[in-house]
Amino acid sequence: QPLAVIEAKKSGNTNLQAGREQARLYADAFERMGFQRPIIFYSNGYETFIWDDHQYNTYRPVYGFYSKDSLDYLIYQRHYRAAELEKFNPELSIADRPYQIEAIKTVAANFQNQRRKALIIQATGTGKTRTAASIIDVLSKANWAKKILFLADRTALVTQAKNNLNDLLPNLPSVDLREEKEDLGSRIVFSTYQTLINLIDNEKDGEKRAYGVGHFDVVIFDEIHRSIYNKYKAIFNYFDGIKIGLTATPIDFESEKNTYEL
């Protein structure tokens with residue numbers, strides 16, 4: 001069965017979006033021939049777009065092409081991903097405060113309505129980690145998330161998050177990239193930004209990077225107001241998964257560090 005079609009335009013082609021319609025016609029033709037509908041890509045070598053038109057009405061830019069395994073999972077989600085995500089109620093044993101439940105339900109509703117980014121602002125001490133854990137739990141049960149990446153900018157914060165999430169989500173095996181390599185069974189991957197960017201840049205199996213752009217379904221950025229600027233913004237742009245930012249103190253007065261705009 002075909003997994004993807006790619007419409008390749010000449011480098012420097014300024015009318016790249018015309019390739020989207022051509023690629024859609026290829027996908028239509030596969031369906032008419034009795035095959036499954038492939039994921040749509042189109043690119044001019046400098047800009048690349050993905051359009052999974054089974055699940056999203058719109059296309060989006062990506063840093064590169066998905067791996068075969070990631071494409072397989074996108075096809076799997078067509079059949080098993082819950083359509084009505086916001087109907088999944090949070091586990092009260094994980095997060096039970098009214099404002100936490102409201103945040104979880106609101107994020108779920110936004111993702112259900114085809115948005116792919118969310119910003120959660122909670123004051124220090126009000127349980128951001130519990131809210132994030134409950135969202136992971138909901139997305140996992142609804143078959144929206146198989147692999148989750150949790151990033152923090154300080155070693156102590158990574159350790160703290162891993163300990164808390166292991167307690168709250170004991171059924172989801174986790175791994176800390178600072179100390180060990182990810183294996184097939186791990187569901188939640190913890191890392192500092194420095195460790196992860198080194199893996200993306202330097203670790204390869206032949207020409208294949210350690211992590212492809214579609215490897216993670218969800219990426220959670222702790223303390224997002226300070227962590228993903230300068231070189232670490234590359235991580236934000238590299239991964240195509242759903243993105244969730246956590247902060248108690250968002251910034252909106254500097255254009256290059258505007259948390260809300262990001």
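User: Which residues form one aromatic cluster?

Analyst: In this predicted model, where local features need pLDDT of at least 70, side-chain atom pairs count only at pLDDT 80 or more, and totals for chains, interfaces and linings use all residues, the cluster consists of Tyr63, Tyr211, Phe216, Tyr238 and Phe239. Residues are numbered from 1 along each chain as its sequence is written, and side-chain values use heavy atoms, with hydrogens and water left out.

User: Why is the aromatic pair of tyrosine 42 and tyrosine 59 called edge-to-face?

Analyst: Rings of Phe, Tyr and Trp (its six-membered ring) pair if their centres lie within 6.5 Å; planes under 30 degrees apart count as stacked, over 60 as edge-to-face and the rest as tilted. Tyrosine 42 and tyrosine 59 lie 6.3 Å apart, centre to centre, with 65 degrees between the planes, and the pair is therefore edge-to-face.

User: Is tyrosine 42 buried or exposed, and what does tyrosine 59 count as?

Analyst: Buried means under 20% relative accessible area, exposed over 50%, and partly exposed in between (1.4 Å probe, protein chains only). Tyrosine 42 has 0%, so this residue is buried. Tyrosine 59 has 34%, so this residue counts as partly exposed.

User: What makes arginine 60 a charge over the ring of tyrosine 56?

Analyst: The criterion requires NZ of Lys or CZ of Arg within 6 Å of the ring centre and within 35 degrees of the ring normal. Arginine 60 lies over the face of tyrosine 56, at 5.3 Å from the ring centre. Likewise, lysine 243 lies over the face of phenylalanine 236, at 5.4 Å from the ring centre.
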